[in-house]
Amino acid sequence: MLAAYVEETNADDPLAALQIGERPDPEPGDGWVTVDVRAASLNHHDLFSLRGVGLPDERLPMILGCDAAGLDPDGNEVIVHSVIASDGWRGDETLDPKRSLLSEKHQGSLAQKVAVPSGNLVPKPAELSFEEAACLPTAWLTAYRMLFVKSGAKPGDTILIQGAGGGVASAAIVLARQAGLRVWVTSRDAARGERAVELGAHEAFESGARLPERVDAVLETVGEATWKHSLRALRPGGTLVVSGATSGGDPSAELSRVFFLQLNVVGSTMGTRDELGRLARLCVTTGIRPEIDRVLPLSDAREGFAAMSSGDVFGKIVFTP
Ligand SMILES: NC(=O)c1ccc[n+]([C@@H]2O[C@H](COP(=O)([O-])OP(=O)(O)OC[C@H]3O[C@@H](n4cnc5c(N)ncnc54)[C@H](OP(=O)(O)O)[C@@H]3O)[C@@H](O)[C@H]2O)c1
């Protein structure tokens, strides 16, 4: 089958590590099923995998990709929940210390077929296209959990979302607007800031800009480049939710600001299978849909990876195998 995969990682030049070609069909074990992938979306995680982050040599070659929507063996339309919990784990899958995402230990979704535990399938609502549904399992689910489970933000609050153009950030903009929040965003690029306003943000600011007032919560995926600004943007007692560190993961901790203003710094990772089901239903009941930057055939995946690597993206990149 056709797949986008990595055989030898490259820390300095991730695109040089990307291979698009034939890989063996999956051979699902007990309790696992093969999904016929109709659409799969790209995440920054896939670029990190090409660099070898979280992907040691002994697991290679590895098919990339966390997200997919497709058909199960009975022909049902499904969305794949990418968090693979260890055998016997009960409860919130994201808290399982032995969990992995597709493409970390098990072959990923940027392929014509992917094998997953049968419990990781969520029904795809007919109202969502396969391309839209394929955007939900990582970026949208992460934004959902950051906002609705972790941030404590209530309708009427103001939230700051850093890095407007990203997959998680663009999802958070749509979800926060739908939830009745005042939505402020930053972007390195004025045009992406304008796109964010068209998408639902109330106001867009340059990265690092002084804000008109302090905010109740910040959603952070950019990391070092925006961390200080995120902490400075919060009102006393406010909450910073962090789920990513694209620009680097070792910023100044700003401890005196954290304790003096009694800020909450909260980590967040992916979401549960149940949250993915709720997110899909939320899209149906509200009519909101993922912002898709472009849809490409899987054979042209290199174009999508290059766009994400250069940061020239607004929303999600989707591949159809
Ligand atoms: N913990 C989890 O479960 C989880 C889940 C999903 C994603 N993540 C992480 O969250 C991060 C975002 O993922 P994504 O898929 O949304 O990535 P993405 O689509 O590539 O978005 C990254 C965004 O970061 C912004 N950015 C601002 N300053 C930057 C800088 N100096 N360098 C690079 N980017 C900068 C950019 O927005 P502007 O250009 O508009 O400023 C860019 O669009 C990644 O680090 C990813 O690994 C974690």
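Guide: A residue is near a molecule if one of its heavy atoms lies within 4 Å of it. Of the 25 residues around the ligand here, H44, G167, S187, R192 and S243 come nearest. This is a predicted model, in which local features need pLDDT of at least 70, side-chain atom pairs count only at pLDDT 80 or more, and totals for chains, interfaces and linings use all residues. Residues are numbered from 1 along each chain as its sequence is written, and side-chain values use heavy atoms, with hydrogens and water left out.

Visitor: Which residues have an N or O atom in the side chain 2.6 Å from an oxygen atom of the ligand?

Guide: A polar contact is a pair of N or O atoms within 3.5 Å. The side chain of H44 places an N or O atom 2.6 Å from a ligand oxygen, and a polar side-chain atom of S187 lies 2.6 Å from an oxygen atom of the ligand. R188 contributes a backbone N or O atom, 3.0 Å from a ligand oxygen. The protein covers 87% of the 920 Å² of accessible area that the ligand has on its own (Shrake-Rupley method, 1.4 Å probe).

Visitor: How do the residues of the shell divide into nonpolar, polar and charged?

Guide: Asp, Glu, Lys and Arg count as charged; Ala, Val, Leu, Ile, Met, Phe, Trp, Tyr, Cys and Pro as nonpolar; the others, Gly among them, as polar. The shell around the ligand holds 8 nonpolar, 15 polar and 2 charged residues. Helices are DSSP runs of H or I with at least four residues, and strands are runs of E with at least two. Each of α1 (44-51), α3 (136-150) and α4 (167-178) supplies at least two residues of that shell.

Visitor: Which backbone features deserve a look?

Guide: The peptide bond from L60 to P61 is cis, with omega near -5 degrees, and P61 is found in the loop between α1 and β4 (62-63). S103, although not a glycine, has a positive phi of about 85 degrees; its place is in the loop between β8 (100-101) and β9 (113-117).

Key. A polar contact is a pair of N or O atoms within 3.5 Å; within protein, one must be able to donate a hydrogen and the other to accept it, and residues adjacent in sequence count only if both atoms are side-chain atoms.
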